[in-house]
Amino acid sequence: MFEPTSDPFEKAYNRGCMWGMAGGRVDQCPYLDEALVEWWVQGWEAGAAAWRDRREPATSRDV
């Protein structure tokens, strides 16, 4: 069962990750606190990487 966290840094990371996975831009961070911005951007980077991987066409692999 999913239990929401009360840790503000984890929340910022998760929000950034979700935003990145949705294809959102990094310059749209909702946080002003420098530490939370850093966590959000780290999450965004992870999410954006997953978004790019999902959008790239699959390549055939020789087995």
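Of the 63 residues in this protein, 19% are buried. Keep in mind that we're looking at a predicted model. Its exposed surface comes to about 5300 Å², and carbon and sulfur atoms supply 55% of that.

On the secondary-structure side, the count is quick: two helices and zero strands. As for how the chain folds back on itself, take the contacts with a separation of 6 or more: 61% of them link residues 24 or more positions apart.

Now for the inside. The largest nonpolar core has six residues: Ala12, Tyr31, Leu36, Trp40, Trp44 and Ala48. Helix H2, which spans residues 34-55, gives the largest share of this core, four residues. In soluble globular proteins, nonpolar side chains tend to be buried together.

Zoom in on one member of that core, Trp40. Leaving aside residues up to four places away in sequence, Trp40 touches Ala12, Tyr13, Arg15, Gly16, Trp19, Arg25, Val26, Gln28, Cys29, Pro30 and Tyr31. Two of those partners, Ala12 and Tyr31, are core residues themselves.

A search of the whole structure turns up one salt bridge, in which the side chains of Arg25 and Asp27 meet at 3.0 Å, N to O.

Conventions: Residues are numbered from 1 along each chain as its sequence is written. This is a predicted model: local features need pLDDT of at least 70, side-chain atom pairs count only at pLDDT 80 or more; totals for chains, interfaces and linings use all residues. Side-chain values use heavy atoms; hydrogens and water are left out. A nonpolar core is a set of buried Ala, Val, Leu, Ile, Met, Phe, Trp, Tyr and Cys residues joined through side-chain atoms within 4.5 Å. Buried means under 20% relative accessible area, exposed over 50%, partly exposed in between (1.4 Å probe, protein chains only). Contact means heavy atoms within 4.5 Å. A salt bridge is a side-chain nitrogen of Lys or Arg within 4 Å of a carboxyl oxygen of Asp or Glu. Accessible areas come from the Shrake-Rupley method with a 1.4 Å probe; for residues, only the protein chains shown count as cover.
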